Amino acid sequence: MENPLELIKSIQKPTKSDSLISEYILENPVEVVRQNLSSLAKSTKTSNTAIMRFCQKIGYQGFSEFKYDLSRYILSGESSSTQNSENPADISDRIGHITDKYVQYLNRLNAELDIDETKALVKSICTSKRIVILGFNRTGLSAKQLSLRLGKIGISSQSIVDYPVMVDYSNILSKDDLVVVFSISAASMYKDVCKQMKQSGCNVVLITMTPQSNLKNNVTSTIVLPRISRSGDISFLDDQAIFFVLIEILVGETAVYLRKS
């Protein structure tokens with residue numbers, strides 16, 4: 001498999017658009033695999049057509065084929081510092097790279113997690129009349145997981161991953177109800193439902209990986225976790241594992257609270 005980044009570097013006589021696209025992709029390869037065609041065109045200050053021509057110029061049928069190849073290249077570990085100049089990193093190197101990175105971020109979670117906010121959320125889980133857990137797209141898995149794990153210790157909750165249903169619940173929930181929102185980047189899509197729920201007297205707790213959340217004024221409290229997908233290297237790791245570890249912490253502490261009460 002050819003290195004897609006080296007293919008970009010091998011372009012002969014690049015146009016102005018080629019140069020803009022090349023520079024952005026080489027500096028932000030992990031970000032590129034998260035973008036669609038239009039957002040990449042905006043980021044590179046070019047056009048959809050220019051990006052399509054660029055991808056074809058380096059040997060791909062279009063942007064989708066290039067993006068999937070770039071994603072595979074990053075996930076394969078060939079781009080990491082474990083790669084030998086002559087031989088690609090073997091499986092033990094790749095396993096070590098990934099596990100070491102997660103250990104590093106779990107240690108950060110241990111050091112940085114706000115104990116007071118965590119204790120307050122656990123108490124609210126145990127004392128609220130109703131519990132609703134919101135998630136969308138990837139964080140929908142985290143919402144479902146928290147609901148599932150709470151059920152294992154006898155606490156009923158509802159996970160909601162569809163925006164229209166979130167809107168419906170924003171008109172139903174009231175005082176003494178708890179709303180837990182999972183959002184990696186504190187997406188603005190939650191703004192209206194969170195605002196309505198908070199105004200209705202709900203305890204709205206945002207669990208996010210964005211310290212400067214634009215939802216801050218629309219929630220009761222915020223728990224911020226370290227974001228491994230922005231770890232500063234090219235490792236393209238997923239954030240859900242960090243959410244899942246927090247969920248186990250919450251469930252464990254909830255079990256302790258219930259046994260003491």
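User: Why is Phe182 called buried?
Analyst: Phe182 has a relative accessible area of 0%. Buried means under 20% relative accessible area, exposed over 50%, and partly exposed in between, with a 1.4 Å probe and protein chains only. Because its value is 0%, Phe182 counts as buried.

User: What kind of model is this?
Analyst: This is a predicted model: local features need pLDDT of at least 70, side-chain atom pairs count only at pLDDT 80 or more, and totals for chains, interfaces and linings use all residues. Residues are numbered from 1 along each chain as its sequence is written, and side-chain values use heavy atoms, with hydrogens and water left out.

User: What makes Phe182 and Phe243 an edge-to-face pair?
Analyst: Rings of Phe, Tyr and Trp (its six-membered ring) pair if their centres lie within 6.5 Å; planes under 30 degrees apart count as stacked, over 60 as edge-to-face and the rest as tilted. The ring centres of Phe182 and Phe243 are 5.4 Å apart and the planes stand at 90°, so the pair is edge-to-face. Phe182 lies in strand β3 and Phe243 in helix α12, so the pair ties together parts that are 61 residues apart in sequence. Helices (H or I, at least four residues) and strands (E, at least two) are DSSP runs, numbered from the N terminus. Phe243 is also buried, at 0% relative accessibility.

User: How many aromatic pairs are found in the whole structure?
Analyst: The search finds two. Tyr60 and Phe66 also form an edge-to-face pair, because their centres are 5.4 Å apart and their planes are at 75°. Tyr60 is buried at 8% relative accessibility, and Phe66 is buried at 0%.

User: Which residues touch the most other members of the largest nonpolar core?
Analyst: They are Leu121, Ile133, Leu146, Val180, Phe182, Ile207 and Leu225, in a core of 30 residues. A nonpolar core is a set of buried Ala, Val, Leu, Ile, Met, Phe, Trp, Tyr and Cys residues joined through side-chain atoms within 4.5 Å. The elements that give two or more residues to this core are α7, α8, β1, α9, β3, β4 and α12. Helix α12 gives the most, with six residues. A second, separate core has 23 residues, including Leu7, Ile8, Ile51 and Phe63.

User: What does Leu225 contact, leaving aside neighbours within four places in sequence?
Analyst: Its contacts include Leu109, Leu113, Ile207, Ile242, Phe243 and Leu246. Contact means heavy atoms within 4.5 Å.

User: Why is β4 described as largely enclosed?
Analyst: Five of the six residues of β4 are buried, so the strand is largely enclosed by the rest of the structure.

User: How do you know which strands pair with β4?
Analyst: Two strands pair if DSSP finds at least two bridges between them. β3 and β4 have six bridges, in the parallel sense. β4 and β5 have four, also parallel. Leu206 in β4 is the bridge partner of Val181, and Leu206 stands opposite Thr222 in β5.

User: What makes Arg130 and Asp177 a salt bridge?
Analyst: A salt bridge is a side-chain nitrogen of Lys or Arg within 4 Å of a carboxyl oxygen of Asp or Glu. The closest N and O atoms of Arg130 and Asp177 are 2.9 Å apart. The pair links distant parts of the chain, with Arg130 in strand β1 and Asp177 in strand β3, 47 residues apart. Arg130 is partly exposed at 31%, whereas Asp177 is buried at 2%.

User: How many salt bridges does the rule give?
Analyst: The count comes to eight. One of them joins Arg227 and Asp239, at 3.8 Å from N to O. Both ends sit in the loop between β5 and α12, twelve residues apart. Arg227 is buried at 18%, and Asp239 is buried at 1%. Another salt bridge joins Arg34 and Glu31 at 3.7 Å. Here Arg34 is partly exposed at 29%, and Glu31 is partly exposed at 26%.

User: Why is Asn214 called partly exposed?
Analyst: Asn214 has a relative accessible area of 48%, so it counts as partly exposed. Asn214 is found in the loop between β4 and β5. Not counting residues up to four places away in sequence, Asn214 touches Ala186 and Ser188.
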